[in-house]
Amino acid sequence: MTHRDIPQRFLPIYPDQDQVDISLDYIRRQPPIVATDDIGELTNLLGDAGRGQVFVIQGGDCAERFSDTTRSHVRAKIGSLLQAAFIAHVKGQIPVVTVGRIAGQYAKPRSLAYEDRDGISLPSYRGDAVNSHVFTAQARTPDPQRLVRAVENAARAYRYIQDLEKSPFVSSRCALEWNTASNESAQYKEFEQLVGASRPEYAQRIFISHESLLPFYEQAMTDEAGYNRGAHMLWIGERTRYISSPQIAYAQQVNNPIGIKLGPKARPSDIHDLIQALNPHGSAGRLSFIPRMGAHQLRNVLPQLIRAGVADGRPVSWIIDPMHGNTLTYNGRKMRFLTDIIQEIHDFFEVCAAEGIAPAGIHIEFSGENLMEIADSREYPELDEILDEALVDPRLNPRQLFDVAFATSQLLAKQY
């Protein structure tokens with residue numbers, strides 16, 4: 001399947017297809033970003049997570065920007081991810097697997113093909129791999145050269161991560177150096193106390209993942225053995241998970257572990273169909289379902305989906321995304337509330353317990369910086385004046401990520 005053959009649903013339309021071919025040919029000649037052995041290791045760990053032996057924390061930016069491919073930005077995001085993992089590991093009393101939404105999260109599906117401002121209509125921003133967020137006709141035109149920049153920035157970001165892994169930074173003895181952006185908060189003080197009381201020392205491994213939205217781009221990073229060498233794990237979104245989608249067709253061809261987002265419209269029959277398409281032989285760790293229902297709908301929808309998975313019999317892991325189902329529009333802006341996010345995690349654990357399966361992890365969007373894109377609660381004062389406007393979807397800040405991590409760790413401690 002070439003980019004010329006793919007149906008254009010949630011995909012960019014390029015003005016010059018020959019330039020796309022040139023970019024993809026360049027990408028095919030680039031060295032791999034990740035190693036196949038590491039892909040296999042993560043697959044095994046995701047299988048362990050489905051059995052309740054480890055817990056996955058997957059998270060990072062909603063949409064990465066090329067301009068954020070700096071050592072300081074990468075360090076801050078990895079530091080925040082390590083903090084969340086440390087809390088879940090120590091207080092939740094379970095090994096934690098860390099998977100970043102990093103080093104490749106450059107493309108986003110958009111519900112609306114066009115964005116309107118002051119009477120001007122231009123193509124929607126689809127992530128730095130496709131076009132620019134700057135609101136001009138030239139900037140919003142899909143540019144094939146951005147595919148090249150995407151793979152180059154992904155490789156650079158992962159090199160920065162590998163440099164951190166080779167240093168003492170990922171060791172728990174450096175926990176107070178991970179991210180100090182919220183060091184004046186009560187949550188950070190609680191984290192400091194936990195670090196001071198914790199032994200023994202350990203080091204955390206970092207895997208990388210991104211949404212597999214552009215199949216022609218992903219195919220260019222796939223080797224002859226069927227491994228996408230641009231990420232350890234890929235996921236497919238709620239809007240592109242239908243069985244006949246080009247994203248599912250591509251995922252059937254690769255050996256990487258695959259995550260599938262499930263919105264409130266998902267049906268039990270979808271579960272069987274997706275398992276049959278993506279994990280017909282029932283390999284543990286190959287397929288994870290990532291429900292993103294919203295705190296107000298999860299209890300009504302998720303149980304029947306889990307039962308369908310159990311009835312199928314082939315192993316899957318269930319990882320909650322408490323972000324996307326809790327996105328509202330407030331005065332024309334996207335809005336999320338921390339209370340809703342924590343509530344959906346709580347409900348997810350309760351549903352898993354009731355259905356007799358292990359909660360395998362959480363999938364979250366956060367920043368390593370002290371922004372304020374998410375309100376703590378619906379009673380948060382002066383929402384318009386205080387909240388930062390998100391580039392795409394609102395992200396947790398480091399203080400709010402502490403709240404999510406401590407809440408999750410309490411649920412883990414009760415279970416294990």
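Contact denotes heavy atoms within 4.5 Å. Helices (H or I, at least four residues) and strands (E, at least two) are DSSP runs, numbered from the N terminus. The model is predicted, so that local features need pLDDT of at least 70 and side-chain atom pairs count only at pLDDT 80 or more, whereas totals for chains, interfaces and linings use all residues. Residues are numbered from 1 along each chain as its sequence is written, and side-chain values use heavy atoms, with hydrogens and water left out.

Strand 7 comprises residues 258-262, and five of its five residues are buried, where buried means under 20% relative accessible area, exposed over 50% and partly exposed in between (1.4 Å probe, protein chains only). In a regular strand the side chains alternate between the two faces of the sheet. In strand 7 both faces are covered, with Ile 258, Ile 260 and Leu 262 on one side and Gly 259 and Lys 261 on the other.

Two strands are taken to pair if DSSP finds at least two bridges between them. Strand 7 pairs in the parallel sense with strand 6 (residues 233-236) over three bridges, and Ile 236 stands opposite Ile 260. Strand 7 also pairs in the parallel sense with strand 8 (residues 287-291), over five bridges; here Ile 258 stands opposite Leu 287.

Ile 260 is also a member of the largest nonpolar core. Such a core is a set of buried Ala, Val, Leu, Ile, Met, Phe, Trp, Tyr and Cys residues joined through side-chain atoms within 4.5 Å. Of its 105 residues, Ile 260, Leu 262, Phe 289, Trp 318 and Leu 396 touch the most other members. A second, separate core of 13 residues includes Val 56, Val 97, Ile 290 and Ala 360.

The buried residues of helix 10 include Leu 298, Val 301, Leu 302 and Leu 305. Among the elements that cover the buried residues of this helix are strand 7, helix 9, strand 8, strand 9 (317-320) and helix 11 (338-355). Just after helix 10, Gly 313 takes a positive phi of about 95°.

Gln 105 lies in the loop between strand 2 (96-101) and strand 3 (114-117) and is buried, with a relative accessible area of 0%.
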